[in-house]
Structures are given as structure tokens and as C-alpha cells.
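Subject: Structure for you to look at

Hello,

Here is the structure I promised to send over. Please open it beside this email; my notes follow below.

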Amino acid sequence: SSETERYVLSPYPRGGVAHSFLPHTRDLISTCHSHVQNEVNLVSGATVWRLGGTPEEPNLEELGDLSAHNSTVRVTEWGVEGCEQSLCSLGDTSLVKWDIDSNVREHSFCELPKRSSPTSLRWNPHSSGNQVGIASDQHIRLHDLRTMKCTTVVDNAHTQTVRDLDFNPNRQYYMATCGDDCATRFWDTRNCSQPLLSFFNHSHWVWKVRYNLRDQLIMTEEVIVRWCY
């Protein structure tokens, strides 16, 4: 419909939550969640749900758990066009690819470098669903999902923690990153020895960077300020 439907699920059954909808359908949702158990232990997890009912009386049907291979799942990200029924989860120790239909099935996984702290995960829209980018510590890693191997590493992409990355949907090979060093950087993934451009428009940590789907505009966001390039 022309109006946006708003589903309010309160209280959410798994505590604090970050969510991601499956594009195009909006009836599947993945969540990363945590809650305090017995007033002592922080229990974390990730789940895929089917959203049903109406905005006035919504309901969630649990399809599967995404916590395999990870004690904490930080990010879930649905596949790009051509692999919409796939999802990747990123945790402290592993990257996992899942197949989603009427249930949740693990497709493949790989272990991440020890003592890494992943912060962001994005699918490359130009790779036929075969590549994702991972931000971890000060570094960027590009993984081939067919082999689950790292194919490109951008060491020290930022001088502090990288918070987010995004691939240009209109131009192949181009990627943007942002981080706690107040910088937004632009890269050519064919040669990541140095950034193409670096901007320092923010005076605080830059948490998000996103390309516009229809033009060359890009938006960055810190806690209280947004910039559009």
C-alpha cells in the first residue's frame, strides 16, 4: 500500500534488539538480541522470525536460531538481489551463511581471526551474492562466500575502529568506510593500498555510511550529526 504499516511488538520476547527485514517481502525479520539472566549473566543470540498478523495485532513465528559457531552475533544481513533467501550472520568468532525458506539451514561458515572485534557486515551488490565485506577493528576484509575465504584485506583502513562500510550500488569496485577516527574514506577494491578520498567532516565517531541507490549521493551519520555528500 502507499502507507507505511507500523508493527509494534512490545515486549519483544528476547530482550534488547537490533533488527533487519528481508527486502522485497517484509514478512521475514532477523534480530540480534540480548538480555540479563538471573540478574548476572548477559545472554546474547540471533533469530529469524516470520512476521504475521496485522499492525494492530502482530505476531512473531520463530523460524530458527542463528547462534551456531558464535557466543555473540553482532550483525545479520539479508542477501542482495538474486539470493534474497540467504542471510549472513557475523559474530565474535565466525561468519556464517544461512539458507532461509520455511526454516533456517546453515549453508557454510568460516572462522574469523582470533581476538577480532567485528562491527559491520555488507553484501556486495555486484558479486551475484558471492561477496561480503566485514569491518573489524581498524581493518576491512572481503570474503568470497563460495569458498568462505578472505580474498582482500585492507589493513589499517582507519586509525581507530571501523564502524561501517557500504558498496556503491551504481559503480562496481567502489566502497565507502567510516570509523571512530571521524573519517569517511572511499576505496577502489581492485587496489586498496590507499583510499581514493578521505573526508573529516565529523567531529565525533562516524557510525554509519550509506550510498543512495539511485545516484552518487552518500550519507554519513554520527551520534547527533548527518552529512550528505
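One definition first: a residue is called buried when its relative accessible area is under 20%, and exposed when that area is over 50%, with partly exposed in between. Please also keep in mind that this is a predicted model.

**Overall**

The protein has 19 strands and 0 helices. It has 229 residues, and 44% of them count as buried. The accessible surface is about 12500 Å². Carbon and sulfur atoms account for 47% of that surface. Take the contacts between residues at least 6 apart in sequence: 38% of them join residues at least 24 apart.

**Strand β10 and its sheet**

Start with β10, residues 131-136. How many of its residues are buried? The count is 6 of 6, so the strand is largely enclosed by the rest of the structure. Both faces are covered. Gln131, Gly133 and Ala135 are buried on one side. Val132, Ile134 and Ser136 are buried on the other.

β10 has a partner in β9, residues 118-123. The two run antiparallel and are joined by 5 bridges. Within this pairing, Arg122 stands opposite Gly133, and Ser120 stands opposite Ala135.

β10 also pairs with β11, residues 139-144. Here 6 bridges join the strands, again in an antiparallel arrangement. Ser136 has His139 as its bridge partner in β11. The two strands form a hairpin with 2 residues between them. Asp137 sits in that turn, with a positive phi of about 55°.

The open sheet has 4 strands, in the order β9-β10-β11-β12, and the pairing is antiparallel. Its edge strands are β9 and β12 (149-154), each of which pairs on one side only. On average, neighbouring strands of this sheet are turned by 25° against each other, direction ignored.

**Strands β5 and β6**

β5 covers residues 73-78 and is mostly covered, with 5 of its 6 residues buried. Glu77 stands opposite Cys88 in β6.

Ser86 is also in β6. Is Ser86 buried or exposed? Its relative accessibility is 8%, so it counts as buried. Leaving aside neighbours within four places in sequence, Ser86 is in contact with Trp78, Gly79, Lys97, Trp98, Asp99 and Trp123.

**Salt bridges**

The count comes to 10 salt bridges.

- Arg50 and Asp27 meet through their side chains at 3.3 Å, N to O. This pair links distant parts of the chain, 23 residues apart. Arg50 is in β3 (residues 41-53), while Asp27 is in the loop between β1 (16-21) and β2 (28-37). Arg50 is partly exposed, at 28% relative accessibility. Asp27 is partly exposed too, at 27%.
- Arg105 and Asp101 form a salt bridge, with their closest N and O atoms 2.8 Å apart. Arg105 is partly exposed at 37%. Asp101 is partly exposed at 33%.
- Asp180 and Arg163 form a salt bridge, with 2.9 Å between the closest N and O atoms. Asp180 lies in the loop between β14 (174-179) and β15 (184-188), and Arg163 lies in β13 (residues 162-167), so the pair ties together parts that are 17 residues apart in sequence. Asp180 is buried, with a relative accessible area of 10%. Arg163 is partly exposed, at 28%.
- Glu77, Arg122 and Asp166 are linked in a network of salt bridges. Two of these names came up above: Glu77 stands opposite Cys88, and Arg122 stands opposite Gly133.

**A nonpolar surface patch**

Which residues form a nonpolar patch on the surface? They are Leu196, Leu197 and Phe199, with about 260 Å² of accessible area together. Phe199 lies in β16, residues 197-199. At 31% relative accessibility, Phe199 counts as partly exposed.

Best wishes

Terms used. Residues are numbered from 1 along each chain as its sequence is written. This is a predicted model: local features need pLDDT of at least 70, side-chain atom pairs count only at pLDDT 80 or more; totals for chains, interfaces and linings use all residues. Side-chain values use heavy atoms; hydrogens and water are left out. Buried means under 20% relative accessible area, exposed over 50%, partly exposed in between (1.4 Å probe, protein chains only). Contact means heavy atoms within 4.5 Å. Accessible areas come from the Shrake-Rupley method with a 1.4 Å probe; for residues, only the protein chains shown count as cover. Two strands pair if DSSP finds at least two bridges between them. Axes are lines fitted to C-alpha atoms, for helices over the stretch in contact, and angles run from 0 to 180 degrees between N-to-C directions. Patches are made of residues with over 30% relative accessible area and no salt bridge: like charges are joined within 9 Å, nonpolar side chains (Val, Leu, Ile, Met, Phe, Trp, Tyr) within 5 Å. A salt bridge is a side-chain nitrogen of Lys or Arg within 4 Å of a carboxyl oxygen of Asp or Glu.
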